[in-house]
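The structure comes first, then the pairs.

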Amino acid sequence: MNSIQKLLSSDESIISSHEVSLVQGWMRSSKHLIILEKSRDLKALLVASEGVDYALPIDSDFKFDIDCESKSKNAGDVFISITYQKNKLLFEMLPVSKTNAFINELLKAMEHQSKRKSAGDYSWLKKYSKKTDLTVENQGVVMDARTCTVPSENRAVFVCTCAALGKFVILGIEVLTFCWTYDSVIKYQMSIREQDYTYIQGIQVFIGTWNVNGQSPSCDLSDWLTTTVDPPHIYAIGFQELDLSKEAFLFNETLKEDEWLRAVTKSLHPGAAYQKICLVRLVGMMLIVFVEENLAQHVHNVASDTVGTGIMGKLGNKGGVAIRLDLHTTSLCFVNSHLAAHTEEFERRNQDFHDIDSRIAFTGFLPPKSIKDHDQIYWLGDLNYRITDLDLTKVKNLINAGKYQTILEHDQLTRQHAKGNVFLGYKEGAIHFRPTYKYDVGTDDWDSSEKNRAPAWCDRVLYKGDGIRQQVDYKSVPSLKISDHKPVMSLFNSDIRVIDAVRYRKVHEEVMKKLDKLENEFLPQVMVDNTEVVFDTLRFLEAQNKTLIIANTGQVPVQFEFIKKFDDSNYCKDWLHIEPYMGFILPGEKCDVKLEVYVDKRCASKMNSGQDKIYDILVLHLEGGKDLFITVTGSYERSVFGCSIETLVQLNVPLRDVALGKLIELESSKDSGTLSNTSYSVPKEIWFLVDHLYRHGLKQQNLFEHPGLPSEILLIRNWLDTGSSDPLPGSVHSVAESLLLLLESTAEPLIPYNMHPACLTASTSYVQAKQLIASLPLCSRNVYLYLCSFLQELLSHAEENRLDAKTIATLFGQIFLRDPPRSRDPSARGKSQTQTQARRKANFVYHFLVNDFSELIAPVNHPG
């Protein structure tokens, strides 16, 4: 201090000073912070010990952060970090009792600077120190905070002793220290030495796929399943269109599951005994995995999942089923899918793939495993990609000439895969076999029906994973002729990593000895790049993504998890998805956490009514350490999707023209018993959609069974929200799905939850069902009868559209009598109970599709 006093000129003075401890990795050094003033105007901060280490102008580049919570074992410790330009120093204030006065003076100096109109001349500071900025030459304490990437030589810079810092801020980057858990470090050390205690064992994996067109197994399957000399170690066999009956389609029930299981089991390679590991089925898609008996004992963590990609994700006529397992220490995943049909629908097939890929989740793991979280992935099925831009006659001539490569240049999957639109990262073997579709049943002749469909390689096998060493075989089996598809098989030589128990114990002992030495030398360290995540304006069914980076800057592994707050049922709100929500980060590595905000039918009504908003506080918990709080915010643009029927009938202008306060008022003060003179009998939005379907969709095949395109549904949403005078956009399939989506996005279903028990009880009596509908609130009754009248008209064209009352009743039963949000998990109820309720819902609606209910209908006031 004396040396500094000697340097002061007549217009310079010391305002305040404070003893501090500079935190430098493992080391502490005593310093003084001194606030200087010149000409009662310019302010500066000196960092001094015996001399002045730094002389920093308190200008627009100067910042500091305070952390006065209990961050160490000594309650009340206070830490401040001084930032100048891009770099930072961290100090512990000693003694704490004088800290407030010093910080107040520092705040006053910064406030004074903020009011200055010019930058000021700070050249006078050079007499105190040549260091007028914070540079990395100061023992590596200062860090470039523009990036989360910490140079390896500085990885231990911010590691503090247990009695020291728990958390501090580096230009918005939270840095946390905590005591590492012994188990996590053991796991990490063992993982990096895996090569030392494991060896590679080769296995053969047989993949088979067949669309059986609803047929029973009336032929021997040996030509398909036993074509190899040596028995495969693993069979994964997938079927599509196992059963085309309405019972299978509507209620996922079929006797053919057992028929085909017996046929496959009987036809496996006779050179080995096999154990069925798992069978999973969704409607006509079935996947079975068998493992050779002597390997079965090494199979663990078996799980399965299903995803329907039919309309609204409800009908499982298209979609995927998956089985995963661990064999020794290698994880394998098998996916069987049946994608959208028809030549022109390649974009829908792409969408189906992405839906299956993103929605399959093996929830028995924490965090749940997805398809990508496996060492080896085998994807099989009727992918339905077709041949385009080639004349049918030319295709057949090229096939007869064996010029498959020329045709494959026009194969949709080949083209989409090359563009990176689908199956990114997957491989497919060379195709040297005839197209697998479409044949006259019982022959090798191409389709001779009226539709005369072009040949195509619909049935495919793709794969992904470093352990899949070689595709040995890839072919179709023309001798099996009971279907319009030919079965396909593929054989792989794959590598499985096996633990050598003796070597494992030796490595484990070495790791334990090493950790005994390191236990007290290192503390983990994590950096999070952002604690306030702000999203742009969000719209219904439009996802937005942000990435949160969690970096391990220490020298031991760390484990994190987003945990629920005290009164919450989940760790985040329904509109937010976090992937991964828990994880394990190795030293020097980082984890990119994807935050996706997506307002869908589950949460749109709460947004419209003001019960919820795009705001959430996430609790990021670090094992053995303190919690970090991250806020997620954004704004939401309201839509007719999520509005109640009672509100919609009151809107005689487009929703975008309705003030937010007015919309919230309408949603919170519903009067479902009466309609004003200006109200519509049914919402204009429902009328527009139904009227469009009436004019353009009555003869459309697969209406309400075939899903719409997401891009078109967004265009329809905008059209409804803005009251556009342009023609309604999108195909009739997209309009149909938009109608269902509008009905499903209300807070209460068309038939209120409290009436569901009575409706299910009355499902066998049309008289009772009519009485219940007559007692519905007026708005709901009008909409219900209006829609049923339209559906009756739709079914009157069944000869053209091929719809039937049972299918329509089953789908609309799930809409009109929608389950409450918290009871939609099928695992919460038995399978038979779920199917029984589905049948009763369908029966209730079925009455109104086949009977006259004209006495219940009131005159309809609509915008037409």
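## Asp473 and Lys475

Lys475 is partly exposed, at 28% relative accessibility; the term covers values between buried (under 20% relative accessible area) and exposed (over 50%), computed with a 1.4 Å probe on protein chains only. Asp473 is also partly exposed, with a relative accessible area of 25%. The two residues form a salt bridge in which the closest N and O atoms are 3.6 Å apart. A salt bridge here is a side-chain nitrogen of Lys or Arg within 4 Å of a carboxyl oxygen of Asp or Glu.

## Basis of the values

The model is predicted, so local features need pLDDT of at least 70 and side-chain atom pairs count only at pLDDT 80 or more, while totals for chains, interfaces and linings use all residues. Residues are numbered from 1 along each chain as its sequence is written, and side-chain values use heavy atoms, leaving out hydrogens and water.

## Lys601 and Glu744

A salt bridge joins the side chains of Lys601 and Glu744, at 2.6 Å from N to O. This pair links distant parts of the chain, 143 residues apart: Lys601 lies in the loop between β28 (590–597) and α14 (604–609), and Glu744 in helix α19 (residues 732–744). Helices (H or I, at least four residues) and strands (E, at least two) are DSSP runs numbered from the N terminus.

Lys601 is partly exposed at 22% relative accessibility, whereas Glu744 is buried, with a relative accessible area of 5%.
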